[in-house]
4 protein chains.
Amino acid sequence: MCRWVAYLGSAIRPQELLYAPEHSLIRQSKTSKFNDNGLNGDGFGMGWYDGLPAPGVYRSTTPAWSDRNLREICAHIECEIFIAHIRAGTGSPVQETNCNPFRYGRWIFVHNGFVAGYERVRREMLLAVDPKFFANIEGTTDSELLFHLALTFGLESEPLPALERMSGFVEQLCTHYDTPEPLQMTLGLSDGEQIYAVRYASSREVNTLFVSESVESVRALYPENEHLQALPPHARAVVSEPLSQLPGVWTEVPTSTALVVSQLKLQSLPFRPQRV
Amino acid sequence: MCRWVAYLGSAIRPQELLYAPEHSLIRQSKTSKFNDNGLNGDGFGMGWYDGLPAPGVYRSTTPAWSDRNLREICAHIECEIFIAHIRAGTGSPVQETNCNPFRYGRWIFVHNGFVAGYERVRREMLLAVDPKFFANIEGTTDSELLFHLALTFGLESEPLPALERMSGFVEQLCTHYDTPEPLQMTLGLSDGEQIYAVRYASSREVNTLFVSESVESVRALYPENEHLQALPPHARAVVSEPLSQLPGVWTEVPTSTALVVSQLKLQSLPFRPQRV
Amino acid sequence: MCRWVAYLGSAIRPQELLYAPEHSLIRQSKTSKFNDNGLNGDGFGMGWYDGLPAPGVYRSTTPAWSDRNLREICAHIECEIFIAHIRAGTGSPVQETNCNPFRYGRWIFVHNGFVAGYERVRREMLLAVDPKFFANIEGTTDSELLFHLALTFGLESEPLPALERMSGFVEQLCTHYDTPEPLQMTLGLSDGEQIYAVRYASSREVNTLFVSESVESVRALYPENEHLQALPPHARAVVSEPLSQLPGVWTEVPTSTALVVSQLKLQSLPFRPQRV
Amino acid sequence: MCRWVAYLGSAIRPQELLYAPEHSLIRQSKTSKFNDNGLNGDGFGMGWYDGLPAPGVYRSTTPAWSDRNLREICAHIECEIFIAHIRAGTGSPVQETNCNPFRYGRWIFVHNGFVAGYERVRREMLLAVDPKFFANIEGTTDSELLFHLALTFGLESEPLPALERMSGFVEQLCTHYDTPEPLQMTLGLSDGEQIYAVRYASSREVNTLFVSESVESVRALYPENEHLQALPPHARAVVSEPLSQLPGVWTEVPTSTALVVSQLKLQSLPFRPQRV
């Protein structure tokens with residue numbers, strides 16, 4: 001059970017969300033909630049957009065709580081969009097190439113969840129990746145393959161339909177191997193323009209996902225809270241678990257839902273895996 | 001709050017205590033008890049005696065639960081004595097030179113606890129180390145300085161009195177800086193012949209320490225337990241927390257107590273810091 | 001251009017070959033010869049047989065020259081067979097799962113060389129691996145795929161023919177992609193009983209490989225050399241480059257040759273890739 | 001023999017000097033000149049000023065040539081001043097806290113060279129550090145102690161005299177221990193306003209140091225060179241060894257010389273250690 005945070009809005013330093021909040025992502029690396037033992041100590045990664053053609057990516061196997069370089073970088077870079085992820089491994093080796101986010105061109109991708117019975121379907125998932133994306137695969141996780149399957153199914157031109165096809169393909173494949181409840185996932189993606197987020201699972205139990213309310217409404221709720229008053233307008237965060245316990249700030253994303261987040265609006269759409 | 005395990009007996013592979021038990025030290029790296037958040041993810045170290053003049057030492061900042069090399073080594077080396085330690089840092093950097101055990105000649109040393117207000121007394125502790133041991137200091141922890149102060153106060157010739165002088169010195173020094181309850185410690189040491197263990201704190205609350213009962217009595221209690229029946233005779237383990245929940249196997253070491261463990265006997269002695 | 005050392009004989013501590021010689025493998029990590037810049041700083045690995053059913057494996061991305069744990073382990077383990085490898089990466093990420101040796105069951109495998117145009121044939125090499133060995137692939141190097149192709153072609157039952165089929169398959173595949181001179185390799189393998197070594201390339205230029213003369217003849221040549229006089233009888237080493245400059249100790253292995261080394265004898269056989 | 005690069009001028013991305021040039025610092029990590037084996041593989045560090053009150057610092061023990069995070073950071077941060085350093089260790093452990101630069105408040109510091117017989121004077125150097133700077137010492141190198149002695153002797157108010165006192169103190173101390181030619185150093189420092197650089201040794205042989213000519217003169221020399229024509233005006237670099245072989249671009253700094261570099265001017269002053 002990993003944890004992730006995505007931000008879109010006026011340029012900020014990532015430390016504002018990753019270190020400052022009472023229940024920040026870095027704190028969640030030691031003590032996340034909604035989780036068995038609360039530990040996400042198997043690596044960290046962050047992708048960010050700062051106006052350059054390609055996003056930056058920092059990934060490390062040092063537990064996030066003791067990574068000094070991460071603290072420096074989060075205090076010094078400024079970006080309009082970033083997605084950060086802390087990993088709790090489920091079998092694949094702890095190495096940078098297994099840390100989220102994964103990147104292809106302008107796109108970055110993070111995943112919290114798993115493909116059930118992954119060891120049985122890994123080879124077929126890999127074969128289904130379009131050869132033109134193959135050389136970009138450097139690790140061994142299910143998460144990285146979900147991303148490359150989404151690319152194969154057209155992520156760059158039709159993001160949400162491609163994610164629905166990828167999900168449908170994986171469910172179909174696992175069903176073929178008699179694996180019940182194959183897919184458990186929240187996804188966070190960006191192309192540098194928008195953030196796409198998905199909450200979905202083949203089972204009843206679905207990993208949590210939350211989106212922040214509009215900055216205006218949050219400010220109105222907490223007129224005395226300096227931190228919230230200082231938030232840039234049009235900012236949104238999508239998170240695995242709330243960064244604070246303030247009522248009215250975080251809204252749970254319904255299951256089987258996709259979000260499209262831009263500076264202008266927040267769209268919520270049904271997410272339905274498509275058989276391919 | 002670190003955790004450690006010391007073993008003395010016929011030669012075994014360390015995996016027998018570090019991986020096999022239901023609540024093994026490696027499991028404690030994620031979920032120790034008697035502890036705030038149960039996490040000891042800031043490094044691992046092990047020292048062992050296998051008949052060579054000097055003990056071997058393996059130290060790593062990879063969390064113990066995901067260190068593949070550790071698993072290999074613990075399955076392949078064999079030793080009559082070993083002490084292993086998982087670290088939960090209290091401020092000093094996570095680096096190999098800050099991982100226990102520390103080694104000098106034939107001696108190895110592990111510590112669970114802290115010197116209160118360490119940043120105020122670090123310089124004076126360092127100055128009090130005999131210059132002849134100074135070059136052996138490679139890290140920045142209070143634990144390493146406790147060891148080198150014990151060496152300075154005669155550890156090699158009079159182990160327990162030297163530890164009492166070291167403790168008295170540190171308490172005196174901290175008192176000078178108005179630090180209440182300066183010392184919290186369990187210590188594990190070996191010279192390759194015996195294991196020395198100490199449970200002591202300046203405060204009422206004292207870190208836990210347990211010693212295993214004699215193999216004979218443990219076997220008699222659990223005639224059906226294959227694992228226990230296979231234990232070598234004359235083996236003893238001293239541990240921060242029990243490796244199993246079997247009643248009658250683990251005895252709590254009283255506070256202000258030192259143990260001296262050899263193949264022949266288990267001695268329990270009062271431990272009283274001496275002002276120097 | 002990596003470097004490797006394989007040893008078979010009476011049990012020794014690996015430090016005897018990895019640290020002690022004037023031009024030891026650890027020295028070669030900084031300054032190997034027959035090599036562009038002499039640097040092999042992209043990781044280390046060692047597999048060893050010490051009587052247990054499975055070989056031990058230690059792999060690390062710390063440059064060999066500064067890896068303190070490696071020094072400890074090489075001084076403390078004892079083994080009848082070991083193969084050690086220092087890596088000079090040719091593009092794949094520096095991570096433990098890309099360090100040689102690779103292991104499957106009783107087998108370990110190291111490779112010095114490359115598959116030319118690997119990025120073009122990687123996917124097809126991967127697909128050609130028998131699904132039953134697929135889950136054992138954890139990294140992204142050509143070396144690891146050569147090993148799993150050899151397993152696919154029957155390594156466990158017919159070692160040398162399987163290596164010849166693997167080589168033929170790779171040459172055929174690369175030819176299909178118009179890659180001239182596809183294969184450059186020295187290989188070192190063991191099943192715990194024997195060492196298999198291969199020197200082969202599709203091109204005229206072939207990576208170096210040497211085998212030590214019999215201990216008796218080496219002793220006779222250097223009656224005053226204490227180090228050589230102390231060598232165990234029936235010991236052999238196969239190395240990418242000689243560990244010393246003593247004339248008469250090291251013999252170059254001819255190109256297109258396979259060696260089979262046991263305690264009883266040294267066999268030299270022609271090595272001819274087989275189309276499959 | 002480490003290597004370092006300091007830059008001051010209009011804001012640039014560090015990759016312009018660390019990756020792009022034909023003999024960039026990252027290339028020097030594998031193949032520096034003026035050097036025994038040309039290898040600087042024992043860690044990397046960079047400090048930079050980007051308008052925030054405190055400089056950022058990134059340090060890593062991964063060899064610079066294979067550090068992917070470093071490549072990302074150097075492509076994404078922008079700064080008016082930076083100093084980067086690649087380490088070739090001379091005995092102290094390879095760990096982040098032993099990587100240059102060292103930081104205190106607004107200051108950063110790098111060193112190429114050594115204190116001869118360091119193990120004999122380390123303790124006294126450490127004792128001579130003002131207790132108020134003591135808690136900032138986290139590693140075990142001579143370089144870090146040179147910095148903290150300079151702070152002790154007034155670096156923050158009188159930079160060059162403090163460096164001269166520091167040097168005099170160390171020479172005096174080593175002389176007391178009968179160490180001939182105690183000090184070998186090039187130093188690079190910044191307070192975020194200027195760069196201070198020193199070339200000095202107690203011996204005849206002195207580590208190299210070079211400073212770039214004015215951007216105007218360099219542009220005039222190479223009117224066709226796009227890279228040089230694109231340089232920001234008023235930019236200067238101070239380097240251990242030239243980043244290119246273009247005549248007229250790099251000037252050797254005389255021995256026993258200090259430079260003070262600002263956007264307005266380049267000052268060159270004699271550097272004479274002062275006994276304290």
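# Close-up views of a predicted model

**View 1. Salt bridges link chain A and chain D.** Across the interface of chain A and chain D, 4 salt bridges are found. The model is predicted. One of the bridges joins Glu138(D) to Arg68(A). Their closest N and O atoms lie 2.7 Å apart. Polar contacts occur here too: 12 residue pairs across chain A and chain D make them.

**View 2. Helix 3 of chain A faces chain D.** Which elements of chain A each supply at least two residues to the side that touches chain D? They are strand 3 (56-60) and helix 3 (68-76). Helix 3 gives the most, with 6 residues. By class, this side of chain A holds 9 nonpolar, 4 polar and 8 charged residues.

**View 3. Chain A and chain D bury area between them.** In this contact, 21 residues of chain A meet 21 residues of chain D. About 1,600 Å² is buried between the two chains. Carbon and sulfur atoms give 44% of that area. Which three residues supply more than any other three of the area that chain A buries against chain D? They are Asn69(A), Glu72(A) and His76(A). Together they supply 35% of the area on the chain A side.

**View 4. Chain B meets chain A.** This contact takes 12 residues from chain B and 12 residues from chain A. The area buried between them is about 910 Å². Carbon and sulfur atoms give 61% of it. How many salt bridges are counted between chain B and chain A? The count is 0. Polar contacts are present, with 2 residue pairs. On the side of chain B that touches chain A, 5 residues are nonpolar, 4 are polar and 3 are charged.

View 5. Asn112(A) sits in strand 6 (residues 107-115) of chain A. Is Asn112(A) buried or exposed? Its relative accessibility is 0%, so Asn112(A) counts as buried. Beyond its neighbours within four places in sequence, Asn112(A) touches Met1(A), Cys2(A), Arg3(A) and Trp4(A), among others. Its contacts also include Gln184(A), Met185(A) and Thr186(A). Asn207(A) and Ser240(A) are in contact with Asn112(A) as well.

Methods: Residues numbered from 1 in each chain as written. Chains lettered and ligands numbered in written order. Predicted model: local features only at pLDDT ≥ 70, side-chain atom pairs only at ≥ 80, totals over all residues. Heavy atoms only, no water. Helix = DSSP H or I, 4+ residues; strand = E, 2+ residues; numbered from the N terminus. Buried < 20%, exposed > 50% of the residue type's maximum accessible area, 1.4 Å probe, protein only. Contact = heavy atoms within 4.5 Å. Buried area = accessible area lost by both parts, 1.4 Å probe. Salt bridge = Lys/Arg side-chain N within 4 Å of Asp/Glu carboxyl O. Polar contact = N/O pair within 3.5 Å; in protein donor to acceptor, adjacent residues only side chain to side chain. Nonpolar A, V, L, I, M, F, W, Y, C, P; charged D, E, K, R; others polar.
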